[in-house]
Amino acid sequence: MTGSRAVSIAGRVFAVQLAAAVLVAGALLAVLAVDAQRSAERDAAETSLSVARTVAVDPRVRADVDAADATERLEPYALELVDEAGVDFVTIMTPDGIRVTHPDRSEIGKLFRGTIAPALRGEEITETFTGTLGPSVRAVVPIERDGAVVGLVSAGVTTANVGGIVAGRVPFVIVVTLAVVLVGAVTAFVVQRSLRRTTGRLAPAELRRMVGYYESVLHAVREGLVLSDREHRVVLYNDEAAELLGLPPAGTVALPASAESLGVGAAVAGLIGSGRRVVEETHLEGATLLLVNQEPAEPAVGSPADAGGSVMTLRDQSRLQQLIGELDSTRGMRDALRAQAHEHANTVHTLVGLLELGRVEQAIELASESTRTSQELADRMLATVDHPVLGALLLGKTAQANERGVELTVSAAPGAVPPLTASALVSVVGNLVDNAIDAALAAEAPRRVEVVLRHADAETDGDRPAVELRVTDTGRGIRPDLAATMFDLGVTSKSDPGGAHGNGLAVARATARAAGGDVVFAPGTPTTVVASFPVPVPASTTGTPA
């Protein structure tokens, strides 16, 4: 950054809150000042009215108000009331408004300045009016005798004295205002410290830039990432997680939301809901094998211990599983090639011997027979299976099985090919055949595996046509204690501790079900695994006949 450091978010919040406190305090000061003014004027009006009423009902005033020497009789009394009642003047006047008494004797005998008409009608009135003593809050009350108005009395307080009353209340108003400012400042300071613990000293631009970087990293990383809060709701996921879990694109749904409402599979949704720590667990999500890690998120400094959620990472294990299968196949082919190389060396030595002995015809016949055997196997497989990927896969498995001492036979009805993509076809057929070969190897002779592709009716879809793949082996069969769980992830009947087993059948079933099919064990012996796939009905055959 150039120049002075930009004000942090906490500093800005402190400044805004302090300014708000000062603004509120200023408004409060104005309101209290206006209220004090009105209160003082109201008190002055009530005092003036009370004094005027007292004078109007005084018997002496009633008797002397219209006397010829009314001023000499009533002036001392009026001046005494001014000193005792806390008013600035008490003026007694005739019904015509001629003053009989007044603090300034030069005004006696002159016309009263103010409103007297309501008082002449027997009413009381209060008003603010500018008279001989300046602006004043005054009251005018009629003096009645035998039901007739015989005079009027006015008492009042000048606005200068009202201002004095207001000034006496100003210290209280100022104290209240300062208290509001102090409370606002303390509150702003507390909020600032809390924000500083949360955001550090980052300025808004820095925080915005950091969030932008984090968003870019989140969506660029090639691992699925799912963030959940302490209530185990999904608050954020990246593009890779959306692809692996089959979720809507990131940013297109309202979050936070429960994993179930987003459509996450039961296994992964259960992990998110538990919030527990998970290390390198494998779970099936549809036909995808996922490697899952989950760690509880550390709560922020100063927040409650349970304030954090959890962070889940997801990796596609299907590709790794495929590589493991390819590695196993490569190892098998390596062993097969080693044995084949040995047999080929024997054949070559025999050919050399025949040639040295001059038996050329026998050498040619031996070489032709070796080539013809391999070619016949390839031609027979391609003629049996009219699908290039499936044919190549089964041809390789046949050669591998033969080299390992297992007889693999393949039979297929015309057009009986599972309606799967090439990768799904390799996954399902490869896993089932590999398991069957391993099972046959673990048994006594004869060691055979039979692969049958045929057309069948899908039991789950009425008369809809289906393709059925049946893989039968002469192995020892499924152990009774594993019969109900053989298709669960991680379950295996193999005893090889170093092998990556327990995923093949689960992946094969998941892949088949993703295509609308299923994989089950057929009852009885020998062991037979049946994979069935409904065949899509062409659109032209679904309409109503004409």
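1. In this predicted model, Glu-107 and Arg-99 form a salt bridge in which the closest N and O atoms are 3.2 Å apart, and both Glu-107 and Arg-99 are buried. The structure holds 15 salt bridges, and a few others are taken up below.

2. A salt bridge also joins the side chains of Arg-277 and Glu-295, with an N to O distance of 2.7 Å. This pair links distant parts of the chain, since Arg-277 sits in the loop between helix H9 (266-274) and strand S7 (278-285), while Glu-295 belongs to strand S8 (residues 288-296), 18 residues apart. Arg-277 is exposed, with a relative accessible area of 55%, whereas Glu-295 is partly exposed, at 34%.

3. On the nonpolar side, Leu-182, Val-186, Phe-189 and Val-190 make a surface patch of about 380 Å². Of these residues, Val-186 lies in helix H5 (residues 159-199) and is partly exposed, with a relative accessible area of 46%.

4. Helix H12 (residues 388-403) packs with helix H13 (residues 422-441) at an angle of about 20°, their axes being 10 Å apart. Because angles under 35 degrees count as roughly parallel, H12 and H13 are described as roughly parallel to each other, and their crossing is right-handed.

Methods: Residues numbered from 1 in each chain as written. Predicted model: local features only at pLDDT ≥ 70, side-chain atom pairs only at ≥ 80, totals over all residues. Heavy atoms only, no water. Patch = residues over 30% accessible without salt bridge, like charges linked within 9 Å, V, L, I, M, F, W, Y side chains within 5 Å. Areas by Shrake-Rupley, 256 points an atom, 1.4 Å probe, with all protein chains shown as cover. Salt bridge = Lys/Arg side-chain N within 4 Å of Asp/Glu carboxyl O. Helix = DSSP H or I, 4+ residues; strand = E, 2+ residues; numbered from the N terminus. Buried < 20%, exposed > 50% of the residue type's maximum accessible area, 1.4 Å probe, protein only. Axes fitted to C-alpha atoms, helices over the stretch in contact; angles between N-to-C directions. Parallel < 35°, antiparallel > 145°, perpendicular 65-115°, else oblique. Left-handed = near helix turned anticlockwise from the far one by under 90°.
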